[in-house]
Every structure is written in C-alpha cells, then in structure tokens.
Amino acid sequence: MAKMSLFDRRRQRVRTALRKRAGDRLRLSIHRSGKHIYAQVIDDAAGRTVASASTIDKDVKGKGGATTSSAQDVGRRVAERAKAAGVTRVIFDRGGFLFHGRVKALADAAREGGLEF
C-alpha cells in the first residue's frame with residue numbers, strides 16, 4: 001500500500017473529527033488551488049449542495065483569484081447564499097488545508113456574513 005501524503009492524512013483526520021461532531025449541521029467545505037478558492041455548503045444526508053461561491057463566479061472573476069481579499073469576498077457570498085437558503089449553522093470542513101491565510105480569511109468573512117461554526 002502506498003504511503004499517504006501529509007495533506008491526505010490531515011484531510012482524513014479532519015473529516016473523521018467532523019463526522020463525530022457534525023450532528024444535523026450542514027458542512028461548509030473549502031477547496032483551495034493555486035489560482036482560485038471554492039466554498040460550498042453541503043447537505044451530506046441529502047447528497048446535494050445548498051449554496052456555493054468561488055473566485056470563478058462571474059461577479060468575482062477578474063478581481064484576482066488567489067488573494068485573501070478574494071477569499072473574503074467568496075466567504076461573504078457563500079454566507080449570504082446560505083442564509084438565503086435558510087442555513088445559519090454549519091460545520092467548517094477545511095479539508096487538508098491549514099487554517100491560515102486564504103482559508104482563515106474565507107472562514108472569518110463567512111462568520112461575519114452570519115454563518116455560525
């Protein structure tokens with residue numbers, strides 16, 4: 001069996017902890033690439049995405065994808081879209097990414113936008 005990377009081990013550890021604590025909350029999942037950042041609120045029970053936002057959205061595109069200000073903008077947008085869908089409490093799934101920089105900026109902006117986690 002191949003060795004798992006540090007990122008994969010961290011992602012698995014985070015996801016296991018989330019399953020234990022999630023209860024009936026929806027999951028705010030983050031993915032970060034070199035150029036963009038993506039956020040979506042996922043209902044795991046129903047298997048569907050309730051709200052999403054990213055730096056490739058038409059409203060955000062062209063403002064610079066891989067910056068903390070873009071991540072803050074995505075956090076605000078996903079929060080307002082989730083609130084419009086009736087979601088206020090989520091559990092934050094940072095995947096294998098460290099809670100630092102763009103991921104932290106997105107999370108803080110989503111909290112300011114009205115999401116509780």
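Author: Here come some questions about labels, each answered by setting a value against a definition. Bear in mind that this is a predicted model, where local features need pLDDT of at least 70, side-chain atom pairs count only at pLDDT 80 or more, and totals for chains, interfaces and linings use all residues. Residues are numbered from 1 along each chain as its sequence is written, and side-chain values use heavy atoms, with hydrogens and water left out.

Reader: What makes R15 and D93 a salt bridge?

Author: The term asks for a side-chain nitrogen of Lys or Arg within 4 Å of a carboxyl oxygen of Asp or Glu. For R15 and D93 the N to O distance is 3.0 Å, so the pair qualifies. R15 sits in helix α1 (residues 6-21) and D93 in strand β4, so this bridge ties together parts 78 residues apart in sequence. Helices (H or I, at least four residues) and strands (E, at least two) are DSSP runs, numbered from the N terminus.

Reader: Why is D93 called buried, and why is R15 called partly exposed?

Author: Buried means under 20% relative accessible area, exposed means over 50%, and partly exposed is in between (1.4 Å probe, protein chains only). D93 has 1%, so it counts as buried. R15 has 27%, so it falls in the in-between class.

Reader: How do you know that R81 and D57 form a salt bridge?

Author: Their closest N and O atoms are 3.1 Å apart, so they pass the test. The pair links distant parts of the chain, with R81 in helix α2 and D57 in the loop between β3 and α2, 24 residues apart. D57, at 19%, is buried, while R81, at 29%, is partly exposed.

Reader: How many salt bridges does the structure hold?

Author: Eight.

Reader: What makes a nonpolar core?

Author: Take buried Ala, Val, Leu, Ile, Met, Phe, Trp, Tyr and Cys residues joined through side-chain atoms within 4.5 Å. The largest such core here has 23 residues, and V90 is among the members that touch the most others. Elements that each supply at least two residues of this core include β1 (26-32) and α2 (68-84).
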